[in-house]
Amino acid sequence: KQIISLAINADTSTLSGTTIAGSTSTTYTGASEAVIAAQRLGNISSRANVGTGANVAIAGFVISGTDSKPVLIRAIGPTMSVFGFSNPLAAPKLELYNSANTVIATNTGWSTASNTAAIAAASTQSGAFALSATSADSVIFTTLAPGNYTAVVSSANGGTGIALVEVYDLSAA
């Protein structure tokens with residue numbers, strides 16, 4: 001004897017079901033792409049005290065799946081003062097490493113990047129707070145293949161201070 005039951009919820013765009021074949025029961029759940037997109041992690045950020053030498057801020061992240069993803073990576077230092085933080089890192093340097101520990105991108109002062117218009121558009125798309133055109137905050141906007149990555153925030157001028165490192169996933173659902 002086989003029993004199949006299915007419930008579809010139009011309000012939440014989800015479905016759940018169960019099949020029973022003899023003594024084996026299997027449960028299924030699913031959702032529309034819009035629901036799944038709303039439930040994925042869009043970004044992560046960490047605040048750190050950035051020092052000198054080995055005392056840098058490090059954020060590791062993984063691009064999973066089979067498709068490359070556009071990512072926005074930001075090292076926020078000077079703009080931290082706008083949010084009331086004292087001792088912000090004046091000149092953050094952002095380096096992006098791949099799993100072979102090779103630097104694949106770097107930025108010191110986001111307005112020096114070759115893709116500043118794309119960075120501004122990606123910041124708006126991600127919901128990230130805007131940076132002034134002249135800020136020394138550093139940003140990398142690129143597309144990454146699946147793999148492990150590390151964003152390292154240090155000081156471009158040997159200074160110390162508080163910095164925020166952010167990683168935004170800008171891929172579609």
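1. Buried here means under 20% relative accessible area, and exposed means over 50%. The model is predicted. In helix α2 (residues 116–126), I119, A122 and S123 are buried by that cut-off. They span an arc of only 105° around the axis, so they sit on the same side of α2.

2. The other side of α2 carries A117, T124 and Q125, which are exposed. The cover over the buried residues of α2 includes β6 (69–76) and β9 (138–144). After α2 comes G127, with a positive phi near 85°.

3. Strand β1 (residues 2–9) has 8 residues and the number buried is 0, so the strand lies largely in the open. Its partner is β2 (residues 14–21): the two run antiparallel and are joined by 8 bridges. L6 has G17 of β2 as its bridge partner. The hairpin formed by β1 and β2 has 4 residues between the strands, and S13 in the turn shows a positive phi of about 55°.

4. The whole structure has 3 salt bridges. One joins D169 and K69, at 3.6 Å from N to O. D169 belongs to strand β11 (residues 161–169) and K69 to strand β6, so this pair links parts 100 residues apart in sequence. D169 counts as buried, at 18% relative accessibility.

5. R74 and E166 form a salt bridge, with the closest N and O atoms 2.5 Å apart. R74 is in β6 and E166 in β11, so the pair ties together parts 92 residues apart in sequence. R74 is buried, at 0% relative accessible area. E166 is buried too, at 3%.

6. K93 pairs with E95 in a salt bridge, the closest N and O atoms lying 3.7 Å apart. K93 is partly exposed at 27% relative accessibility, while E95 is buried at 15%.

Methods:
Residues are numbered from 1 along each chain as its sequence is written. This is a predicted model: local features need pLDDT of at least 70, side-chain atom pairs count only at pLDDT 80 or more; totals for chains, interfaces and linings use all residues. Side-chain values use heavy atoms; hydrogens and water are left out. Buried means under 20% relative accessible area, exposed over 50%, partly exposed in between (1.4 Å probe, protein chains only). The arc is that of the directions from the helix axis to the C-beta atoms. Contact means heavy atoms within 4.5 Å. Two strands pair if DSSP finds at least two bridges between them. A salt bridge is a side-chain nitrogen of Lys or Arg within 4 Å of a carboxyl oxygen of Asp or Glu.
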